[in-house]
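Good morning, and thank you for coming.

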Amino acid sequence: MFPLDTRILVIDDMPSIRDLVKNQLKGMGFKNIQEASDGEEALRMLIQLNTPNNSIQLVISDWNMPNMKGIDLLKHVRAQAEWTNLPFVLLTSEAERDQVTEAVLAGASQYIVKPFSAKIFEDKLKTAFQKHNKA
């Protein structure tokens, strides 16, 4: 599992969903949580915080947002050499096979369909961590 001091960026255009995700993370013991309301704001934050002691170490992003969708942010992140191994979890209310396939092909670490339970959320984060931290 991710260390409890992991720097996390939660992105969703709905404040209530951001709060839900942040509360899940806090309940798991995480404390260093940033938030953004869309992909454009998140990208600015990723660039601004891209220093050795401040860089984001886990992204949890909604798919459907104004300005820049989560899938577009994911594609942009994966196109940057310094972020190719950045764990990136997509949240969505869509469980369509085509969307899941697009997320996997774009490099999503995990894909969580809303609504989700605390156990599913934690299990998906564990899997994302394992994917990026193979021994």
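In which strand is Ile33 found? Ile33 is found in strand E2, residues 33–36. Before I continue, a word on conventions. What you see is a predicted model, in which local features need pLDDT of at least 70 and side-chain atom pairs count only at pLDDT 80 or more, whereas totals for chains, interfaces and linings use all residues. Residues are numbered from 1 along each chain as its sequence is written, and side-chain values use heavy atoms, with hydrogens and water left out. Helices (H or I, at least four residues) and strands (E, at least two) are DSSP runs, numbered from the N terminus.

To return to Ile33, its relative accessible area is 17%, so Ile33 is buried. Buried stands for under 20% relative accessible area, exposed for over 50%, and partly exposed for what lies in between, with a 1.4 Å probe and protein chains only. Not counting residues up to four places away in sequence, Ile33 touches Ile8, Val10, Lys22, Leu25 and Lys26; contact means heavy atoms within 4.5 Å. Ile33 and Ile56 are 23 residues apart along the chain, and 9.3 Å separates their C-alpha atoms.

Let me turn to helix packing. Two packed helices are described by the angle between their axes and the distance between the axes. Here the axes are lines fitted to C-alpha atoms, for helices over the stretch in contact, and angles run from 0 to 180 degrees between N-to-C directions.

As to the classes of angle, under 35 degrees counts as roughly parallel, over 145 as roughly antiparallel, 65 to 115 as roughly perpendicular and the rest as oblique. Val21, Gln24 and Leu25 of H1 make the contact with Ala118, Phe121 and Leu125 of H5. By class, the residues of this contact are 5 nonpolar, 1 polar and no charged. In this scheme Ala, Val, Leu, Ile, Met, Phe, Trp, Tyr, Cys and Pro count as nonpolar, Asp, Glu, Lys and Arg as charged, and the others, Gly among them, as polar.

The second pair is helix H2, residues 39–48, and helix H3, residues 70–78, whose axes come within 9 Å and cross at roughly 25°. H2 and H3 are therefore roughly parallel to each other. On the H2 side, Gly39, Ala42, Leu43 and Leu46 meet Leu73, His76 and Val77 in H3. That contact has 5 nonpolar, 2 polar and no charged residues.

Which residues are buried in H3? They are Gly70, Ile71, Leu73, Leu74, Val77 and Arg78. Seen down the axis of H3, these buried residues fall within an arc of 160°, so they line one face of the helix; the arc is that of the directions from the helix axis to the C-beta atoms. Their cover includes strand E1 (8–11), H2, E3, E4, H4 and H5. Gly70 in particular has a relative accessible area of 0% and is buried. Its contacts, leaving aside neighbours within four places in sequence, are Ser61, Asp62, Trp63, Met65, Phe88 and Leu90.

Asn67 is not a glycine, yet has a positive phi of about 70°, and at 57% relative accessibility Asn67 counts as exposed.

In H4, the buried residues are Gln99, Ala103 and Ala106. They cover an arc of only 70° around the axis, which puts them on the same side of H4. The face turned away from that buried side carries the exposed residues Arg97, Asp98, Val104 and Leu105. Covering the buried residues of H4 are, among others, H3, strand E4 (88–92) and E5.

After H4 comes Gly107, with a positive phi near 105°. Ser109 has its place in the loop between helix H4 (97–106) and strand E5 (110–113). Is Ser109 buried or exposed? At 3% relative accessibility, Ser109 counts as buried.

Finally, Lys114 and Pro115 are joined by a cis peptide bond, with omega about -5°. Pro115 lies in the loop between E5 and H5. Thank you; I welcome your questions.
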